[in-house]
Amino acid sequence: MCEIQTLCNKPNVGFVVQCKDCKLITVVFEMVSISRTVKEFHQLLADAHACYDHYSGQISDVNFRDIPFWQLTPNICLVLSINDLLNLMELLELSKAKLIQNSLIGTLSLN
């Protein structure tokens with residue numbers, strides 16, 4: 001059984017947790033739960049930034065969900081609004097910062 005630690009929790013947006021043993025990261029956002037390795041988590045964050053950079057100047061209604069963000073399966077695509085994308089990026093960025101903090105704390109000597 002996994003022992004998890006919370007990397008980020010934003011009420012009404014989602015949360016990100018990581019298993020202390022296998023290091024798998026689970027992102028729960030809106031109605032979607034996505035589990036990724038650390039490398040895949042960083043790629044998800046990069047994809048979110050790239051998507052925002054591409055669509056941010058093109059969208060007139062920031063709440064309308066018309067941005068095809070991520071293909072979950074061949075038949076299911078996660079579609080977001082600009083505001084959704086900003087919320088997801090903030091959730092992922094805060095989680096990334098916590099991962100870095102945990103990594104730095106882990107390298108400190110106990111002497």
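Predicted model: local features only at pLDDT ≥ 70, side-chain atom pairs only at ≥ 80, totals over all residues.
Four strands form an open sheet, and their order is β1-β2-β3-β4. The pairing is antiparallel. Strands of a sheet pair through backbone hydrogen bonds, either parallel or antiparallel. β1 (4-10) and β4 (32-36) stand at the edges. Each has a single partner strand, so one side of each is left without a neighbour in the sheet. From one strand to the next, the twist averages 15°. Strand β2 covers residues 14-19, and strand β3 covers residues 25-29. Five bridges join these two antiparallel strands. In one of the pairings, Gln18 has Ile25 of β3 as its bridge partner.

Both helices pack on this sheet. α1 touches β2, β3 and β4. The direction of α1 makes about 35° with that of β3. α2 touches β1, β2 and β3. The direction of α2 makes about 145° with that of β1.

The helices also meet each other. Two packed helices are described by the angle between their axes and the distance between the axes. Helix α1 spans residues 38-55, and helix α2 spans residues 82-107. Their axes come within 10 Å and cross at roughly 145°. The crossing of α1 and α2 is left-handed. On the α1 side, the contact is made by Phe41, His42, Leu44, Leu45, Ala48, His49, Cys51, Tyr52 and Tyr55. On the α2 side, Ile82, Leu85, Leu86, Met89, Leu92, Glu93, Ser95, Lys96 and Leu99 take part. By class, the contact of α1 with α2 has 13 nonpolar residues, three polar and two charged.

Two further residues of α2 were examined. Leu91 is found in this helix. Its relative accessible area is 0%, under the 20% limit, so Leu91 is buried. Leaving aside neighbours within four places in sequence, Leu91 is in contact with Cys8, Lys10, Gly14, Phe15, Val16, Val27, Val28 and Phe29. Leu91 and Leu7 are 84 residues apart along the chain. Their C-alpha atoms are separated by 9.2 Å. Asp84 is also found in helix α2. At 6% relative accessibility, Asp84 counts as buried, because the limit is under 20%. Leaving aside neighbours within four places in sequence, Asp84 is in contact with Phe29, Glu30 and Arg65.

With neighbours within four places in sequence left aside, Ser33 is in contact with Thr26, Val27 and Val28. Ser33 and Phe15 are 18 residues apart in sequence. In space they are 9.5 Å apart, C-alpha to C-alpha.

The last feature concerns aromatic rings. A pair of aromatic rings is described by the distance of the centres and the angle of the planes. The count comes to one aromatic pair. The rings of Phe69 and Trp70 have their centres 6.5 Å apart. Their planes stand at 35°, so the pair is tilted. Phe69 is buried, and Trp70 is buried as well.

Definitions and conventions. Residues numbered from 1 in each chain as written. Heavy atoms only, no water. Phe/Tyr/Trp six-rings, centres within 6.5 Å; stacked < 30°, edge-to-face > 60°. Buried < 20%, exposed > 50% of the residue type's maximum accessible area, 1.4 Å probe, protein only. Axes fitted to C-alpha atoms, helices over the stretch in contact; angles between N-to-C directions. Left-handed = near helix turned anticlockwise from the far one by under 90°. Contact = heavy atoms within 4.5 Å. Nonpolar A, V, L, I, M, F, W, Y, C, P; charged D, E, K, R; others polar. Pairing = 2+ DSSP bridges.
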